[in-house]
Amino acid sequence: MKILAIETTGKYGSASVIDETGRIFSAASSEEMNHLRGMITLIDEALREAGITKDELTHAAASVGPGSFTGIRIGVTTVRIMSQMLDIPCIAVSTLGAMAERALGRAISSGALYVVPVINARRHQTYAGVYEAVFTADGSRQSAIPVMEEKQYMIEELLEELKQKMAEHSGAAAFFTGDGIDAYGDIIKDIMPEESYVFAEEDLRYQHAESVARIALRKAAAGNILTYSELMPEYMRLAEAEQRLRAGTLSDRIRKPVQI
Amino acid sequence: MKDGRFLTLGIETSCDETAASVVADGRFAMSNVISSQIDIHTAYGGVVPEIASRKHLERINDVIGKALDDAGVSAGEIDLIGVTYGPGLVGALLIGVAAAKAMAYACDIPLVGVNHMHGHIAANYLEHQELEPPFMALIVSGGHTEIVNVPEYNKCEKLGGTRDDAAGEAFDKVARVIGLGYPGGPKIDRAAKEGDRESIAFKRVYLEQGSLDFSFSGLKTQALNYLNQERQAGREINVNNVAASFQEAVVEVIADKAVMATEKYGQKRIVMAGGVASNSRLRALMEEKAGRKGIDVLKPSPVLCTDNGAMIASAAYYAYRSGAKPDLELDAVPGLEF
């Protein structure tokens, strides 16, 4: 198995190649929002590092969101077309799940039970989820199991629900990760009880294709694959105009064109 | 290559059409797949960029797949990929560019970026097999009203353009106000056929003596004021007459300036391009005015006037032949100039 995984939902793009033994080779951009220009170069670098050609790839995986709409589209389109042209299946990986996976080891070593990836969606909004660090059935390794729905939360709402969840285990701590820390760190400090939370260090705070690749490898082994038409973005939000159309608040000028 | 013919795949996603086409030797469209989103955007009274971007993503694979199937070729037989990288809606453009790059990389095919406007001109190479530069080009579309001198393949000199609204934009706005809705161009064209084009005296805006530029915002305001005034006076508005008179004021100026530029540069042919180039009155007036000066008018068929992948493939073919360097770091440039 040779899986290509790409991550374009955050500020910095990255590409990784993972094989069945779990060896990972990666390339990451140091330029912000350079996904469209830089993605093919990153893929090519990751493949070179891995010492394989694109024709040896068996799967292509994308971090499908939530995150930057534009970033999501670049990643998903790239993977869909690679899948179609190389005739290999796709794998969809939740961006929040991949962020939890990335933070898991550090969360456990810091003594936290929960991992909370938070993506800044502006104006107090976030895309977030809550994961619990648990041992897999065979006890061989720990994994992050979702315990609260991945969705759009107001930051305050997320923290209140999280506190309720944490009340189930006295003394449990939450390990926050993602650019939500940069945007809402002060709010988190205000709302969360002292010593009930830890912030991820910047070196693993942001999305990276490595954790996308690790999840993709497990999904591939489990046969959890998709055709390119089935690989869809997870925006977690309708387009604004569509929200207004559904709510019946689209501008009258558009709905009743005859009036001036 | 197939049967000794050089095959170019053209991909276009700059606005609300997801399109791809396989073109042989830059001239023969072997397939031309256009998936329009017009039905979706009509509910919003115009193109919604975020929705357009989402739809492009959902459709791009099948549009490319069908373009290959219809042409009876495999991806491995494609010699060159051309993709629109601007001007256009950034979110829409980047779907085409990302798709083109992924395909170019996966299949080891050179990729060149194409200026959408050059594509509109190249639509004429598909329609008129004998056409070669030099010639004058008139591009009229939702976002553009431009007169362009084309001295050689892949070389375009813009001589004049709009200083405010594009012709198509003015059509859209007036169509909305008289209740015809979106898209304005074809609807005004249709309504105008039932109306009297001399019934309302809308002004012709020629700007300074000899200028090849356009301005339609004053005309648009005049039309809105006229409608307001008539409604306030309680007079019933004849939509067909407004459409016909307004359209005449727009296309007469366009035709006059296009012919003037062609004469000034000593060209013998003028080619029309862009969505509004399929406007029937503009076509008729161009024939009439150019004919009097012994200038030939070439027009692509309506399917090649709308945004399509074939014109992008043709423009890519000539760009590549003229030495354009393949580029896997291609970026989308929404405000790309001529």
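In this predicted model, domain 1 and domain 2 of chain B bury about 1900 Å² between them. Carbon and sulfur atoms account for 65% of that area. Three residues of domain 1 of chain B stand out: Ile121(B), Asn124(B) and Cys305(B). Together they supply 34% of the area that domain 1 of chain B buries against domain 2 of chain B, more than any other three residues. The contact draws 22 residues from domain 1 of chain B and 26 residues from domain 2 of chain B. Salt bridges between domain 1 of chain B and domain 2 of chain B number zero.

Domain 1 of chain B is assigned to residues 7–127 + 305–321, and domain 2 of chain B to residues 135–302. Taken over C-alpha atoms, the centres of the two domains of chain B lie 27 Å apart.

In chain A, helix 3 (residues 95–109) packs with helix 7 (residues 209–221). The axes of these two helices are 8 Å apart, at an angle of about 105°. Angles of 65 to 115 degrees count as roughly perpendicular, and helix 3 and helix 7 of chain A are therefore roughly perpendicular to each other. On the side of helix 3 of chain A, the contact is formed by Gly97(A), Ala98(A), Glu101(A) and Arg102(A). Helix 7 of chain A meets them with Ser211(A), Val212(A), Arg214(A), Ile215(A) and Arg218(A). By class, this contact of helix 3 with helix 7 of chain A comprises three nonpolar, two polar and four charged residues.

Definitions and conventions. Residues numbered from 1 in each chain as written. Chains lettered and ligands numbered in written order. Predicted model: local features only at pLDDT ≥ 70, side-chain atom pairs only at ≥ 80, totals over all residues. Heavy atoms only, no water. Axes fitted to C-alpha atoms, helices over the stretch in contact; angles between N-to-C directions. Helix = DSSP H or I, 4+ residues; strand = E, 2+ residues; numbered from the N terminus. Parallel < 35°, antiparallel > 145°, perpendicular 65-115°, else oblique. Contact = heavy atoms within 4.5 Å. Nonpolar A, V, L, I, M, F, W, Y, C, P; charged D, E, K, R; others polar. Domains from an automatic or database assignment. Buried area = accessible area lost by both parts, 1.4 Å probe. Salt bridge = Lys/Arg side-chain N within 4 Å of Asp/Glu carboxyl O.
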